[in-house]
Amino acid sequence: MNKLANREEQIMQIVWRLKTVFIRDIIEELPAPKPHYNTVATIVKILVKKGFLKSEMLGNTHQYSPAIDFEAYRDEHLVNIKKKYFGNSFPKMIAHFAKKEKLTNAEIEELKRIIESQKP
């Protein structure tokens, strides 16, 4: 699965959240300054071509929906991050984030419960 460019990912985040959209819906959700309609339409066409979006003709306009599940995209890229930056070590990746974040006692206990639930 290809990595999305920043603007492509920003548009996909909107589509994943809203489920079905028209170009004008995407533009409404984007922060100011709003890009031109044609700019968004071009990026959406690229996302359709890459297989990230499905297009359905409704009247004289297209409605778009995700062709790739958000969780599938996220999971694949987290695996790549783990491989690329943490030597494919999940404990190293978790340790990194645990050190960088100011975890509360409740969050630490939640992590412990999750880890304990994975034991055979």
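Predicted model: local features only at pLDDT ≥ 70, side-chain atom pairs only at ≥ 80, totals over all residues.
Is R74 buried, exposed or partly exposed? R74 is partly exposed, with a relative accessible area of 37%.

Next, select residues 70–86, which make up helix α4. This helix has 17 residues and reaches 23 Å from its first C-alpha to its last, close to the 24 Å expected at 1.5 Å a residue. Colour Y73, H77 and F86, the buried residues of α4. Turn the view to look down the helix axis: these buried residues fall within an arc of 135 degrees, so they line one face of α4. An α-helix has 3.6 residues a turn, so residues three or four places apart point the same way.

Show α1 (6–18) and α5 (90–100) too; the buried residues of α4 pack against them. Then step just past the end of α4 to G87, which takes a positive phi of about 60 degrees.

The last stops are salt bridges, of which the model has five. Select K50 and E8, whose closest N and O atoms are 2.9 Å apart. K50 lies in helix α3 (residues 37–50) and E8 in helix α1, so this pair ties together parts that are 42 residues apart in sequence. K50 is partly exposed, at 35%, whereas E8 counts as buried, at 8%.

Finally, select E29 and R17, another salt bridge, with the closest N and O atoms 3.0 Å apart. E29 is in helix α2 (residues 23–29) and R17 in helix α1, twelve residues apart. E29 is partly exposed, with a relative accessible area of 36%.

Key: Residues numbered from 1 in each chain as written. Heavy atoms only, no water. Helix = DSSP H or I, 4+ residues; strand = E, 2+ residues; numbered from the N terminus. Expected span 1.5 Å × (residues − 1). Buried < 20%, exposed > 50% of the residue type's maximum accessible area, 1.4 Å probe, protein only. Arc of directions from axis to C-beta. Contact = heavy atoms within 4.5 Å. Salt bridge = Lys/Arg side-chain N within 4 Å of Asp/Glu carboxyl O.
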